[in-house]
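Please look through the structure shown below, keeping the sequence beside it.

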Amino acid sequence: MGKITKKTLNKVLWRTQTTQFSHNYERMQSLSLTYDFAPVLKELYGDRPKEERVHAMQRHLEYFNTHPIAIPFILGITAALEESTDEDHKDSVVAIKTGLMGPFAGLGDSMLNLTWFPIAGSIGASMRVANGSIIGPIVMFLMINLLYWPLKYYGLHLGYEKGVSLLGAEGGISGLQIFDRLANFANVLGVVVVGGLIPTTVKVATGITIASGEGSIALQEQLDKVLPCLLPVILVLICYLFIKKSNGKNTAWVILGVLVACIALSWVGILA
């Protein structure tokens, strides 16, 4: 460890919980990120002239936007750079910090927003539907936070201890390339897991029967023999296409449309 104490880093960690509070469309997370990083600057510039402290704060007010869970890791690396870089080369610290926001935004969205969050939500929702208790939401909350908090804590401290060496090349593969591979892996894993949850969480069956001689044939039984859970997959695909078309803006209307359609189709006997 260097000049920056563990207590100061933990202050930064707690402040990152408010990162989205001052989010704005001019500089995005810039203001809140500077607030998060203020304890480090206070410790490094505590005995410096006021002008240097002010300039240090102003440096970090540049545009910044990344995934909130990645912010502690980036701030840990930034703290190590601030501590080890001469005053004449501080602009390089900001350049490296802003250079990290893009790769980690993609990594966070892929591995967390589009993978872990849907998995936790699907498991929680299925438990809620299965027994009607509050256990489902609690399980979802615990699954999310039991992953998020260690990522933030160890990301901050590991980022500070290792600095930019974490992003260096080792064996011909740079750190950012490894992160890109992890993001691709997370995308594939998320698609597989969410796809596997469709037959257990989406219940759709038709009540149509077709007369055949003196008896009748249940259409749902024939569909199950050809391709089980075909109707749930079709329903999910239709909802996905509608939501994707509006970039998620009509999600509430899609949910309402599904409810109305299911009630109407059940009333006329098409759905069981």
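Is the crossing of α2 and α4 left-handed or right-handed? In this model, which is a predicted one, the crossing of these two helices is right-handed. Two packed helices are described by the angle between their axes and the distance between the axes. For helix α2, which covers residues 30–44, and α4 the angle is about 30° and the axes lie 11 Å apart. Because angles under 35 degrees count as roughly parallel, α2 and α4 are roughly parallel to each other. On the α2 side the residues that take part are L33, D36, F37, V40, L41 and L44, and they meet I71, L75, T78, A79, E82 and E83 in α4.

From α4 the contact draws on P72, F73, L75, G76, I77, A79, A80 and E83, while α6 contributes K152, G155, L156, G159 and Y160. Here the residues of the contact of α4 with α6 divide into eight nonpolar, three polar and two charged. Reading the two contacts of α4 together, one finds L75, A79 and E83 in the list for α2 and again in the list for α6.

Helix α6 has a further partner in helix α1, residues 6–15, and these two pack at an angle of about 140° with their axes 10 Å apart. That makes α1 oblique to α6, since only angles over 145 degrees would count as roughly antiparallel. The crossing of α1 and α6 is right-handed. In this contact K6, L9, N10, V12, L13 and W14 of α1 meet W149, K152, Y153, L156, H157 and Y160 of α6, and the residues involved are eight nonpolar, two polar and two charged.

Of the 272 residues in the chain, 32% are buried, and the chain exposes about 16500 Å², of which carbon and sulfur atoms supply 66%. Among contacts in the chain with a separation of 6 or more, 68% join residues 24 or more positions apart.

M28 sits in the loop between α1 and α2, where its phi is near 55°, a positive value in a residue other than glycine; with a relative accessible area of 13%, M28 is buried. C229, placed in the loop between α8 and α9, likewise has a positive phi, near 65°, but at 29% relative accessibility C229 counts as partly exposed. V233 belongs to helix α9, residues 230–245, and counts as partly exposed at 44% relative accessibility. The C-alpha atom of V233 is separated by 8.4 Å from that of V202, although the two residues are 31 residues apart along the chain.

Technical notes: Residues numbered from 1 in each chain as written. Predicted model: local features only at pLDDT ≥ 70, side-chain atom pairs only at ≥ 80, totals over all residues. Heavy atoms only, no water. Contact = heavy atoms within 4.5 Å. Helix = DSSP H or I, 4+ residues; strand = E, 2+ residues; numbered from the N terminus. Nonpolar A, V, L, I, M, F, W, Y, C, P; charged D, E, K, R; others polar. Buried < 20%, exposed > 50% of the residue type's maximum accessible area, 1.4 Å probe, protein only. Areas by Shrake-Rupley, 256 points an atom, 1.4 Å probe, with all protein chains shown as cover. Axes fitted to C-alpha atoms, helices over the stretch in contact; angles between N-to-C directions. Parallel < 35°, antiparallel > 145°, perpendicular 65-115°, else oblique. Left-handed = near helix turned anticlockwise from the far one by under 90°.
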